[in-house]
Amino acid sequence: MKAFEWISPTSINEAVSALRSAPVPADVDDAARPIAGGQDLLTTMKDYITRPARVVNLKGIRRLDRIVADGKGGLRIGALVTLSQLEEHPVVRSNFPGLSEAAHSIATPQIRNLGTVGGNLCQRPRCWYFRLEEAVCLKKGGSECFAATGENKYNAILGGGPSYIVHPSDLAPMLLALGGSVSVMGADGKRMVPLDKFFTLPAEGNLRRENVLKNDELITEIYVPASKFAAHSTYLKFKERDSLDFAIAAVAAAVALGANKTFTEARLVLGGVAPIPWRVPRAEAALIGKTMNDDLLANAAQIALEGAKPLAKNGYKIPLTQTLVRRALAKAGGLNA
């Protein structure tokens with residue numbers, strides 16, 4: 001690990017100032033970094049993927065570790081809230097069950113006790129070429145995405161190219177399905193960013209980054225608005241190992257039902273299959289106004305994977321994800337399947 005300066009601010013403004021005043025990086029991966037739980041950042045530093053000259057410890061900043069109901073049915077989640085706090089919070093469990101399930105699906109209890117909500121949203125890709133110190137892939141400033149023609153069992157089937165990473169966060173698909181936004185503080189002040197605008201595709205944003213955060217910006221809070229579908233939400237995840245594993249494919253579903261189990265609203269977001277949490281509005285639209293049944297769910301699942309372009313070794317993700325879509329919708333809607 002490269003030597004670095006450690007700074008422990010006691011306020012958000014101090015943290016932003018520490019990030020802003022850090023030495024100008026020679027490379028994007030040399031920029032100063034904030035740290036909270038450190039479950040992802042420290043691994044990238046050990047592998048020399050990230051090489052910050054300054055690390056800004058956020059743990060001394062008060063009031064960022066709270067979950068607060070806003071009195072209108074919405075929820076404000078501090079960026080330093082741990083995954084265990086989120087999973088176990090009574091309001092989250094009762095009113096946003098899919099969010100509790102997503103938090104529970106992450107890694108192990110030990111990691112969930114340290115890892116934070118903000119950190120989970122800002123995780124770096126798990127592609128083994130990106131994580132291999134010796135491989136200078138496209139994401140690290142090289143000229144080639146080695147996964148495109150190499151070992152790509154776990155890589156993207158939607159939205160890929162020129163890099164074929166998948167976004168590793170489990171909270172991101174569920175928070176996006178719930179209409180969440182992040183509050184961001186930086187040198188230019190505070191801004192609210194809807195989660196559907198926060199993550200960036202390799203072909204559309206900065207290829208070296210996965211989101212719109214600037215070097216001197218921090219997530220301070222996540223806001224989940226009141227909705228008719230939050231209470232009927234779920235998160236299903238397929239992983240190779242029962243614990244301590246990332247999603248090969250995942251589905252966040254949130255629905256609202258009228259009489260006779262007719263869909264009045266539906267949100268579907270896929271995880272583990274694209275460089276960003278992948279919302280599927282055409283599949284959502286196919287449900288609205290129709291009564292829940294097995295055929296309808298199977299049709300929505302097929303639509304959800306339209307446009308998928310699997311690589312040589314990950315075509316299995318299409319039927320796998322379709323099955324998860326069907327099961328997630330059935331579970332969220334209370335249909336035995």
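Trp128 is partly exposed, with a relative accessible area of 41%; here buried means under 20% relative accessible area, exposed means over 50%, and partly exposed lies in between, for a 1.4 Å probe and protein chains only. The model is predicted, so local features need pLDDT of at least 70 and side-chain atom pairs count only at pLDDT 80 or more, while totals for chains, interfaces and linings use all residues. Residues are numbered from 1 along each chain as its sequence is written, and side-chain values use heavy atoms, with hydrogens and water left out.

The ring partner of Trp128 is Tyr154, and the two ring centres lie 5.5 Å apart with planes at 75°, so the pair is edge-to-face. Rings of Phe, Tyr and Trp (its six-membered ring) are paired if their centres lie within 6.5 Å, and planes under 30 degrees apart count as stacked, over 60 as edge-to-face and the rest as tilted. This pair links distant parts of the chain, 26 residues apart: Trp128 belongs to helix α8 (residues 128-131), and Tyr154 to the loop between α8 and α9 (171-177). Helices (H or I, at least four residues) and strands (E, at least two) are DSSP runs, numbered from the N terminus. Tyr154 is partly exposed as well, at 30% relative accessibility. The count of aromatic pairs comes to four. Among them is the pair of Phe4 and Trp6, tilted because the planes stand at 50°, with ring centres 6.5 Å apart. Phe4 has a relative accessible area of 31% and Trp6 one of 46%.

Of its 21 lining residues, Arg126, Tyr154, Asp245, Phe246 and Ala247 are the closest to its centre. The largest pocket has a volume of about 1,000 Å³, and its lining has 49 residues, with Asp40, Leu41, Gly119, Cys122 and Gln123 nearest the centre. Two or more lining residues come from each of β2 (33-35), α2 (41-46), α7 (117-121) and β8 (218-224). By class, this lining divides into 21 nonpolar, 14 polar and 14 charged residues; Ala, Val, Leu, Ile, Met, Phe, Trp, Tyr, Cys and Pro count as nonpolar, Asp, Glu, Lys and Arg as charged, and the others, Gly among them, as polar.

On a 1 Å grid over the protein atoms alone, a cavity is a set of points where a 1.4 Å probe fits but cannot get out, a pocket is an open set with protein on both sides within 12 Å along at least five of seven lines, and lining residues have an atom within 4 Å of a point. Grid points are joined across faces, edges and corners, and a volume is the space filled by probe spheres set on the points. The cavity lining includes Cys127 and Cys145. Both are buried, Cys127 at 14% and Cys145 at 13%. The sulfur of Cys127 has its closest cysteine sulfur in Cys145, 6.2 Å away and too far for a bond. The whole structure has zero disulfides (cysteine sulfur pairs within 2.5 Å).

Finally, helix α5 (residues 97-104) is largely enclosed by the rest of the structure, because six of its eight residues are buried. These are Pro97, Gly98, Leu99, Ser100, Ala102 and Ala103.
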